[in-house]
Structure formats: C-alpha cells, structure tokens
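Here are my notes on the model you sent, as numbered points.

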Amino acid sequence: MSLVSLENIEMSGKAGAFARGRETFFLVLRGEAAPDPEQFSDGDVFAIAEGVDAEPGDLVVWWTGAERTQSLARVREDLTLQPVAGFPAPAKHPAPSVRGVVVGRLRQLGAG
C-alpha cells in the first residue's frame with residue numbers, strides 16, 4: 001500500500017480563476033512522499049490539464065478511472081510511465097490511462 005495519495009480539491013482566488021472555463025483541475029498530495037529530486041511533500045498542490053498530449057519528461061497523473069488510483073509518474077522517452085514519489089507503477093493496475101499533465105505546482109512555505 002502506498003504512503004502517498006492524491007486528493008481532488010477546489011481552488012479559490014487566482015488559482016481557481018485560472019482553472020475556470022478550462023480543462024484544468026487541482027490535486028493535493030497527501031502523505032509522506034518517497035525521496036525524489038523534486039522534493040514532493042505533503043500539501044503540495046498540482047494543477048492538472050486534461051486533453052493535453054504528454055511528452056517525454058512531463059509529469060502526469062495516471063489512474064484507472066477511480067479517484068483513489070490517481071498517481072504521479074514521469075513520461076519516459078519510450079512513452080512508458082516511471083512512478084515518482086512512492087506512487088505505484090501503472091503496470092500493477094488494470095487499464096491505467098493518463099488523466100492529465102501537471103502544468104503547475106504550489107508548495108507550502110516551510111518554517112525553515
């Protein structure tokens with residue numbers, strides 16, 4: 001079982017206005033992410049664009065159609081998905097598909 005998950009959230013203010021009328025939605029990372037060069041952490045918010053072609057190097061959200069299966073991965077050169085931050089590999093799930101491409105990330109300011 002994964003220690004991290006992605007939860008759908010509604011954004012207000014400028015972020016919410018950015019998404020209005022677009023195929024953009026927001027997810028928040030919950031739990032303790034595995035060590036990763038991008039230093040993902042609990043509370044990071046991701047803006048996800050649907051209907052965008054994923055290219056090698058892109059950070060994407062994949063799923064099996066159920067919100068609880070949403071996971072982060074990087075698109076490899078061969079267009080396969082490399083799990084990141086402790087999320088599971090898509091190959092372990094039936095019928096995975098890319099839900100959208102991460103187009104922005106908001107971080108909580110640390111105390112330190």
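1. A nonpolar core is here a set of buried Ala, Val, Leu, Ile, Met, Phe, Trp, Tyr and Cys residues joined through side-chain atoms within 4.5 Å. Buried stands for a relative accessible area under 20%. The model is a predicted one, and the points below should be read with that in mind.

2. The largest nonpolar core has 16 residues, and L6, L29, F40, F46 and L72 are those that touch the most other members. Two or more residues each come from β1 (4-9), β2 (24-31), β3 (45-49) and β4. The most is given by β2, with three residues. As general background, nonpolar side chains in soluble globular proteins tend to be buried together.

3. What does L6 touch, leaving out residues up to four places away in sequence? The list is L27, V28, L29, F46, V61, E67, Q70, S71, L72 and F87. Among these, L29, F46 and L72 were named above with L6 as residues that touch the most other core members.

4. On the overall fold, the chain contains one helix and seven strands. Along the sequence the pattern reads β-α-β-β-β-β-β-β. The seven strands make an open sheet, ordered β1-β2-β3-β7-β4-β5-β6, with antiparallel pairing. At the edges are β1 and β6 (81-83), each of which pairs on one side only. Neighbouring strands in this sheet are turned against each other by 45 degrees on average, with direction ignored.

5. Strand β2 deserves a separate point. Six of its eight residues are buried, so β2 is mostly covered. On one side, β2 runs antiparallel to β1 and is joined to it by six bridges; V28 in β2 is the bridge partner of E7. The antiparallel pairing of β2 with β3 has five bridges, and there L27 stands opposite F46 of β3. Both L27 and F46 are also among the residues that L6 touches.

6. Further along the sheet, β4 pairs with β7 (residues 97-106) in the antiparallel sense over four bridges. Within β7, V101 is the residue that stands opposite V60.

7. For the chain as a whole, 37% of the 112 residues are buried. Of the contacts with a separation of 6 or more, 55% are between residues 24 or more positions apart.

8. The last point concerns T69, which lies in the loop between β4 (59-63) and β5 (71-75). Is T69 buried or exposed? With a relative accessible area of 8%, T69 is buried, because the cut-off for that class is under 20%. The side chain of T69 reaches the backbone oxygen of A66 at 2.7 Å. Apart from neighbours within four places in sequence, T69 is in contact with W62, W63 and T64.

Technical notes: Residues are numbered from 1 along each chain as its sequence is written. This is a predicted model: local features need pLDDT of at least 70, side-chain atom pairs count only at pLDDT 80 or more; totals for chains, interfaces and linings use all residues. Side-chain values use heavy atoms; hydrogens and water are left out. Buried means under 20% relative accessible area, exposed over 50%, partly exposed in between (1.4 Å probe, protein chains only). A polar contact is a pair of N or O atoms within 3.5 Å; within protein, one must be able to donate a hydrogen and the other to accept it, and residues adjacent in sequence count only if both atoms are side-chain atoms. Contact means heavy atoms within 4.5 Å. Two strands pair if DSSP finds at least two bridges between them. Axes are lines fitted to C-alpha atoms, for helices over the stretch in contact, and angles run from 0 to 180 degrees between N-to-C directions.
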